[in-house]
Amino acid sequence: MKLSGQSGNRRVLITGATGFIGANLIEKLLADTNCRIYAFNNNPASSKFFTLRPFRNNRIRPYQIDLLDFKSIKSAIHRIRPHYVVHLGAVVNLERSYEVASSCIDTNIKGTLNILEALKGLSVRRFIYCSTVEVYGNGQVPFVETQGIDVVSPYSITKLAGEMFAQLYSKLHGIPVVILRLSNVYGPYQKKERFIPMAILSSLKGEDIQLNSSKRKSRDFCFVGDVADAIFRVFDNKKTKDEIINIGNNKSTRLFDVGQLIAKKVGSKSKVICRENKTRPLEKERWCCDFRKAKKILGWQPKTSLSEGITRTIEWYRNYGRL
């Protein structure tokens, strides 16, 4: 799929650009377009990210910007004048605590509001807000876009608030908003603290895999390359304006089975140890995400099986796991 017109004239702003979804989206844009990419991030250590071979490219312009610094955000955005904005910058932490709630409020609500406010009056073609199926909480599965929400964590509350601000700015200021509710995304560049990279790295070391839940807990896993493709398909799609679209796999797999699959593919004798006393409160055991709307509007569906995605992710961590 290509962007219509002369994609070299297109300017894409990505917040949270050095996160793992941002990294994979940048790789896709470099491979499939000649767009200019403007990368917002707020991690001083991430400067080394742009020295990595896939990202040493003069089409990328990095900005170290705090999402709470409205003055810097507005100044940068008015210089860039982006055609597309992919808002990935967020605190992603599913713990139920005051400290997590406070940081989520700052970044996920105030930061989103700052980006939207800075875009007022500019001719942005799409503001793509990457939300989460966490907003469905303990709702009926498979999750569909028309069902009610049931937020059960500070993270999901603040992501839903971001959705609502995006919708408000669409109504008030004509910013063409698209909300993508992402399922459990995994793949290269993901933080080592998340379950799949943790399980891979433990298996590579021959250590047991620690699972902070019951053996029954299952999730809908979607490979990050497929998610990057879904985001890309939103850019010039006229049907997407003001839509909320699930991006997931419509399959629920037990984390216990994912851990066993990883150990088998690595060739490790690692065992999956379930620590039920570490389970988070109010956490539903089974998630499953309906993607029929994405298929209808975007012509998108996940292409990467869990087995293939795990194999590709293991290979990446074998080669680059120390980054």
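Isoleucine 179 stands opposite isoleucine 244 in β11, where strands are DSSP runs of E with at least two residues and helices are runs of H or I with at least four, numbered from the N terminus. β6 and β11 pair in the parallel sense through four bridges; two strands are taken to pair if DSSP finds at least two bridges between them. The model is a predicted one, in which local features need pLDDT of at least 70 and side-chain atom pairs count only at pLDDT 80 or more, while totals for chains, interfaces and linings use all residues. Residues are numbered from 1 along each chain as its sequence is written, and side-chain values rest on heavy atoms, with hydrogens and water left out.

The pair β6 and β11 belongs to an open sheet of seven strands, ordered β3-β2-β1-β4-β5-β6-β11, with parallel pairing. Its edges are formed by β3 (60–64) and β11 (244–247), each of which pairs on one side only. On average, neighbouring strands of this sheet are turned by 20° against each other, direction ignored; axes are lines fitted to C-alpha atoms, for helices over the stretch in contact, and angles between N-to-C directions run from 0 to 180 degrees.

Parallel pairing joins β1 to β2 by five bridges, and isoleucine 14 stands opposite alanine 39 in β2. Strand β2 (residues 36–41) is in turn linked to β3 by five bridges, again running parallel, with phenylalanine 40 opposite tyrosine 63 in β3.

Two helices accompany these strands. Helix α3 (residues 98–119) packs on the sheet and touches β1, β2, β4 and β5 (126–132), its direction making about 170° with that of β5. Helix α1 (residues 20–32) lies across β1 (11–15), β2, β3, β4 (84–87) and β6 (177–182), and runs at about 165° to β1.

In soluble globular proteins, nonpolar side chains tend to be buried together. Apart from neighbours within four places in sequence, isoleucine 14 is in contact (heavy atoms within 4.5 Å) with residues including Leu25, Leu29, Ala39, Phe40 and Val86.

A polar atom of the arginine 219 side chain lies 3.2 Å from the backbone oxygen of glutamate 285. Beyond four places in sequence, the contacts of arginine 219 include Asn184, Lys251, Thr253, Leu255 and Trp287. Phenylalanine 221 is placed in strand β10 (residues 221–223) and is buried, with a relative accessible area of 8%. Among the residues touched by phenylalanine 221, not counting those up to four places away in sequence, are Asn184, Tyr186, Lys251, Thr253 and Leu255. Phenylalanine 221 and tyrosine 186 are separated by 35 residues in sequence and by 7.0 Å in space, C-alpha to C-alpha.

Serine 170 lies in helix α4 (residues 154–173) and counts as buried because its relative accessibility is 9%. The side chains of serine 170 and aspartate 242 are joined by a polar contact of 2.5 Å, defined as a pair of N or O atoms within 3.5 Å; within protein, one atom must be able to donate a hydrogen and the other to accept it, and residues adjacent in sequence count only if both atoms are side-chain atoms.

The structure holds zero disulfides, a disulfide being a pair of cysteine sulfur atoms within 2.5 Å. For cysteine 35, the nearest cysteine sulfur is that of cysteine 130, 16 Å away. Cysteine 35 counts as buried at 0% relative accessibility. For cysteine 289, the nearest cysteine sulfur belongs to cysteine 288, at 7.5 Å; cysteine 289 is buried, with a relative accessible area of 1%.

Notes: Buried means under 20% relative accessible area, exposed over 50%, partly exposed in between (1.4 Å probe, protein chains only).
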